[in-house]
Amino acid sequence: MATAELAGKHLVLGMTGGIACYKIAELTRLLTKAGATVQVVMTEAATQFITPVTMQALSGRPVYTSQWDARVPNNMAHIDLSREADAIVIAPASTDFLAKLAHGMADDLLSTLCVARDCPLLVVPAMNRQMWQNPATQRNVTQLRADGIEVLGPDSGPQACGETGDGRMLEAVATFEAIASFFSPKILSGRRVLLTAGPTFEPLDPVRGITNRSSGKMGFALARAAQQAGAEVHLVAGPVALETPWGVFREDVQTAQQMHDAVMRSVADADIFIGVAAVADWRVDHASEQKIKKTAERALPTFTFVENPDILASVAKLPHPPFTVGFAAESGDLELHGEEKRVRKNVPLLIGNLGPLTFGMDDNEVILFEAAGATKLPRADKQTLARALIVEIARRLPDTSLIR
Ligand code: C5P
């Protein structure tokens with residue numbers, strides 16, 4: 001999970017009345033674990049859903065609920081609390097609170113804090129679908145966006161009231177990701193990134209197949225880092241057990257051929273292509289349509305293999321390819337063969353995993369191969385490494401005017 005963007009940040013976390021208050025306990029833990037300090041401020045209504053004691057224990061700071069709190073020496077909690085903050089996050093943000101914000105009302109501590117702030121304001125709406133769809137709410141949200149307030153979510157799905165639709169609060173992890181994303185430098189703003197990640201699965205018959213040990217972690221970490229850097233991200237994923245990073249468009253595929261076709265359908269729109277997937281080099285020619293039976297009299301099955309398309313090479317061969325980045329996982333001699341592979345694949349940048357195969361692990365160490373030479377990056381967890389790689393990729397884009 002990203003930590004760098006939030007380390008040392010001071011957030012005022014404003015809670016308003018809604019059942020989604022329970023998600024803020026988890027959100028507070030995620031934020032503090034990432035190195036942020038969290039000052040919780042609750043409206044009267046929020047305290048009906050979760051107690052200030054709980055929020056104090058999780059944030060490690062006294063919770064403020066009243067404009068008239070004598071703990072602030074100058075009795076100006078609304079000024080003091082907002083002046084220290086890098087951002088105010090209202091989560092959950094109720095229908096009523098959005099309406100108050102849209103009209104600049106200031107009749108309790110939290111609303112007064114928001115009006116008196118000199119820092120960014122992020123709101124995370126949480127309400128019943130009818131309340132969200134109500135034209136007044138939609139007018140208010142449009143007004144908030146026009147006022148430069150970030151609106152995160154809402155999500156869609158089953159609601160506490162038993163109905164289903166738009167309006168439920170983003171989950172704690174997604175809210176955390178969205179806040180981290182808000183603080184990331186937007187070095188890929190306006191860029192479209194297409195990635196492949198994970199293994200592929202090549203069927204032998206309807207129940208069996210050939211795959212590999214790629215977990216997809218590196219590709220998903222890169223997709224997340226690119227999204228946080230402001231890019232529009234399309235992730236073509238093989239079969240993996242990973243959550244889609246917040247704000248990323250994900251397309252699931254099984255086979256190398258499907259992955260190839262998905263990439264080729266979308267590559268014309270991409271500014272950057274990153275092939276992280278461990279694509280199977282071969283597939284079985286004519287996989288059996290029926291399950292292959294194991295019977296006493298039947299001989300062991302034999303399979304004929306045919307080569308899969310090389311997705312990376314196909315992209316690199318296009319007349320106007322995006323900035324194309326390959327990955328190489330080798331069980332040895334990478335330093336010798338990396339540059340040779342980059343030239344063979346015809347890509348400007350190839351990222352090689354150093355050392356033993358890192359499938360499924362959280363840490364990685366890589367070496368960048370390019371025409372100018374090879375550069376090692378320090379060993380780090382995959383998310384930190386992904387952020388560093390996005391910076392390296394952004395630096396090498398043909399038009400760097402946006403990022404200098
Ligand atoms: O040739 P090798 O598999 O080592 O190359 C690895 C790089 O090529 C990775 O970027 C991988 O995503 C890409 N690749 C591909 N299609 C294949 C095989 C590899 O895009 N069929």
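Reader: Quick one. Does Ser94 count as buried or exposed, and why?

Author: This is a predicted model. In it, Ser94 counts as buried because its relative accessibility is 12%, and buried means under 20%.

Reader: Where is Ser94 in the fold?

Author: Ser94 is in a loop. The loop lies between β3 (87-93) and α4 (95-102).

Reader: Which residues is Ser94 in contact with, leaving aside neighbours within four places in sequence?

Author: Thr16 and Gly17, plus Ala126 and Met127.

Reader: Now domains. What does the domain assignment give?

Author: Domain 1 covers 10-183, and domain 2 covers 192-402.

Reader: How many Å separate their centres?

Author: The centres of domain 1 and domain 2 are 39 Å apart, taken over C-alpha atoms.

Reader: And how many residues are in contact between the domains?

Author: On the domain 1 side, 7 residues. They are in contact with 4 residues of domain 2.

Reader: Which strands do bridges join to β8?

Author: β11 and β13. Strand β11 (residues 232-237) is joined to β8 by 6 bridges. Strand β13 (residues 272-275) is joined to β8 by 4 bridges.

Reader: Parallel or antiparallel, for β8 and β11?

Author: β8 and β11 run parallel. β8 and β13 run parallel too.

Reader: Which residues stand opposite each other there?

Author: Thr196 stands opposite Val236 in β11. For β13, Leu194 has Phe273 as its bridge partner.

Reader: Whole chain now. How many helices and strands?

Author: 13 helices and 21 strands.

Reader: What box do the C-alpha atoms fill?

Author: Roughly 80 × 55 × 40 Å, along the principal axes.

Reader: What share of the residues is buried?

Author: Of the 404 residues in the protein chain, 51% are buried.

Reader: And the accessible surface, what does that come to?

Author: About 19000 Å² for the protein chain. Carbon and sulfur atoms hold 53% of that surface.

Reader: What about charges? How many positive and negative side chains?

Author: The protein chain has 39 positive and 45 negative side chains. The centres of these two sets lie 2 Å apart.

Reader: Last one. What share of contacts comes from residues 24 or more positions apart?

Author: 68%, counting contacts in the protein chain with a separation of 6 or more.

Methods
Residues numbered from 1 in each chain as written. Predicted model: local features only at pLDDT ≥ 70, side-chain atom pairs only at ≥ 80, totals over all residues. Heavy atoms only, no water. Helix = DSSP H or I, 4+ residues; strand = E, 2+ residues; numbered from the N terminus. Buried < 20%, exposed > 50% of the residue type's maximum accessible area, 1.4 Å probe, protein only. Contact = heavy atoms within 4.5 Å. Areas by Shrake-Rupley, 256 points an atom, 1.4 Å probe, with all protein chains shown as cover. Lys, Arg positive; Asp, Glu negative; His and termini not counted. Charge placed at Lys NZ, Arg CZ, Asp CG, Glu CD. Pairing = 2+ DSSP bridges. Domains from an automatic or database assignment.
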